[in-house]
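Please brief me on the side-chain contacts, the strand pairing and the backbone of the model shown here.

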Amino acid sequence: MALIQIEEDVFKDLIDRAAYLRKLFVQVYEQLRSKGLEDWLTVEQLCNALNISPSKVRSLKRHGRIGYIKCGKTLRFHAGDTFGLLEHIPSNANGKNCQQQ
C-alpha cells in the first residue's frame, strides 16, 4: 500500500468541497422529495432543482432527454425524468439558478 501525503490546505479544501456537494445533494433531495414521480415541474423549478440554465433545459428538451408537455404557452417537465438527470447533468459553472422566461 502506498502512502500519499498532501498539504493541509489541500486536504481542508477537499473536505470543504465534499461538504458543499453533500449540501447540494440534500437541497436537491428536499426540493424533489415533495414531488411525486408523476408530477410536472415548471422551467424555473427544473432549473433550480438541477442548478442549470434555461438554455440547458431547452437543450435537454430538444434532444429528448426529458419528458415535457405544453400547457398553453408554458412548458412542464416530467419530475420522474429529473431524478435520472441528477447523475448526468453538469451544473452551471457559475452556480447561478435560472429565472422563469
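The points below are grouped by topic.

This is a predicted model, in which local features need pLDDT of at least 70 and side-chain atom pairs count only at pLDDT 80 or more, while totals for chains, interfaces and linings use all residues. Residues are numbered from 1 along each chain as its sequence is written, and side-chain values use heavy atoms, with hydrogens and water left out.

**Nonpolar core**

- The largest nonpolar core has 12 residues, namely L41, V43, L46, C47, L50, I52, V57, L60, I66, F77, A79 and L85; a core of this kind is a set of buried Ala, Val, Leu, Ile, Met, Phe, Trp, Tyr and Cys residues joined through side-chain atoms within 4.5 Å.
- At least two residues of this core come from each of α2 (43-50), α3 (54-62) and α4 (79-85), and the largest share, 4 residues, is supplied by α2.
- Helices (H or I, at least four residues) and strands (E, at least two) are DSSP runs, numbered from the N terminus.
- In soluble globular proteins, nonpolar side chains tend to be buried together.

**Aromatic pair and ring contact**

- The whole structure contains 1 aromatic pair, where pairing requires that rings of Phe, Tyr and Trp (its six-membered ring) have centres within 6.5 Å, and planes under 30 degrees apart count as stacked, over 60 as edge-to-face and the rest as tilted.
- The two rings belong to Y68 and F77, and because their centres are 6.2 Å apart with planes at 40 degrees, the pair is tilted.
- F77 counts as buried at 0% relative accessibility, whereas Y68 counts as partly exposed at 38%; buried means under 20% relative accessible area, exposed over 50%, and partly exposed in between (1.4 Å probe, protein chains only).
- K61 lies over the face of Y68, at 5.1 Å from the ring centre, under the rule that NZ of Lys or CZ of Arg must be within 6 Å of the ring centre and within 35 degrees of the ring normal.

**Strand pairing**

- An open sheet is formed by 3 strands in the order β1-β3-β2, with antiparallel pairing; two strands pair if DSSP finds at least two bridges between them.
- The edge strands, each of which pairs on one side only, are β1 (40-41) and β2 (68-71).
- Between β2 and β3 (residues 74-78), which run antiparallel, there are 4 bridges, and the bridge partner of K70 in β3 is L75.

**Salt bridges**

- The count comes to 2 salt bridges, each being a side-chain nitrogen of Lys or Arg within 4 Å of a carboxyl oxygen of Asp or Glu.
- One of them joins K12 to E8, with the closest N and O atoms 3.2 Å apart; these residues are 4 residues apart in helix α1 (residues 8-33), and are therefore separated by about one helical turn.
- K12 is partly exposed, with a relative accessible area of 45%, while E8 is exposed, with 54%.
- The side chains of D13 and R17 also meet in a salt bridge (3.2 Å, N to O), and both residues lie in helix α1, 4 residues apart, about one turn of the helix.
- D13 counts as partly exposed at 35% relative accessibility, and R17 is exposed, with a relative accessible area of 53%.

**Backbone at N51**

- N51, a residue other than glycine, has a positive phi, near 55 degrees.
- Most residues other than glycine have a negative phi.
- N51 lies in the loop between α2 and α3 and is buried, with a relative accessible area of 12%.
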